[in-house]
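Welcome, and please open your viewer. We will walk through the model one selection at a time.

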Amino acid sequence: MKKRTSVILALVLVVLVAAAGILYFTTRPATAAGTKALTIVVDAHGSTETLRLETDEEYLGPALVNKGIAEGETGQYGMFITTVQGITADEGAEEWWYITQDGEMLMTGVDETPIEDGDTFEFTLTTGW
């Protein structure tokens, strides 16, 4: 009886994991193939720089890394951006990069943020947790 219960629980777990995977892949944001032109605005220490970037990447994180615009640390939620255009956020001073798209806060990590031709992303060096 105990073995049967364990087998049933294992099957239920497999079904739940499969359902979660299917749900993720069917509800994640769509990506666009082909070359895309992006505008990247970097606001740090009182100065603003606007960059134009062309990429074939489908997600923001890889596009930024491959073009040398940003660096970061990979964690359980994807890449956490620590450096943009050579400016590294000082964790000791509670600095971090606040990322918006057309003025709206991103609801996904950069590795999961799809990009489309003409998108604008703003990176603002922010102080305080």
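**Stop one: a buried aspartate**

Select aspartate 119 and follow its side chain to the backbone nitrogen of glutamate 116, 2.8 Å away. Keep in mind as you look that this is a predicted model. Aspartate 119 sits in the loop between strand E7 (104–105) and strand E8.

Does aspartate 119 count as buried or exposed? It is buried, yet it has no salt bridge. Show lysine 36 to see the nearest side chain of opposite charge, 9.0 Å away. Beyond the neighbours within four places in sequence, aspartate 119 is in contact with Ala37, Leu38, Thr39, Gln101 and Pro114.

**Stop two: the nonpolar core**

Next, select Ile40, Leu64, Ile81, Trp97 and Phe123. In the largest nonpolar core, which has 23 residues, these five touch the most other members. Several elements each supply at least two residues of this core, among them helix H2 (60–66) and strand E8 (120–127). Strand E1 gives the most, with four residues.

**Stop three: an open sheet**

Finally, colour E3, E4 and E5, an open sheet of three strands in that order, with antiparallel pairing. Strand E3 (70–75) and strand E5 (87–88) are at the edges with a single partner strand each, so one side of each has no neighbour in the sheet. Two bridges join E4 to E5. To end, select threonine 83 and find threonine 88 of E5 opposite.

Terms used: Residues numbered from 1 in each chain as written. Predicted model: local features only at pLDDT ≥ 70, side-chain atom pairs only at ≥ 80, totals over all residues. Heavy atoms only, no water. Core = buried A, V, L, I, M, F, W, Y, C linked by side-chain atoms within 4.5 Å. Buried < 20%, exposed > 50% of the residue type's maximum accessible area, 1.4 Å probe, protein only. Pairing = 2+ DSSP bridges. Lys, Arg positive; Asp, Glu negative; His and termini not counted. Salt bridge = Lys/Arg side-chain N within 4 Å of Asp/Glu carboxyl O. Polar contact = N/O pair within 3.5 Å; in protein donor to acceptor, adjacent residues only side chain to side chain. Contact = heavy atoms within 4.5 Å.
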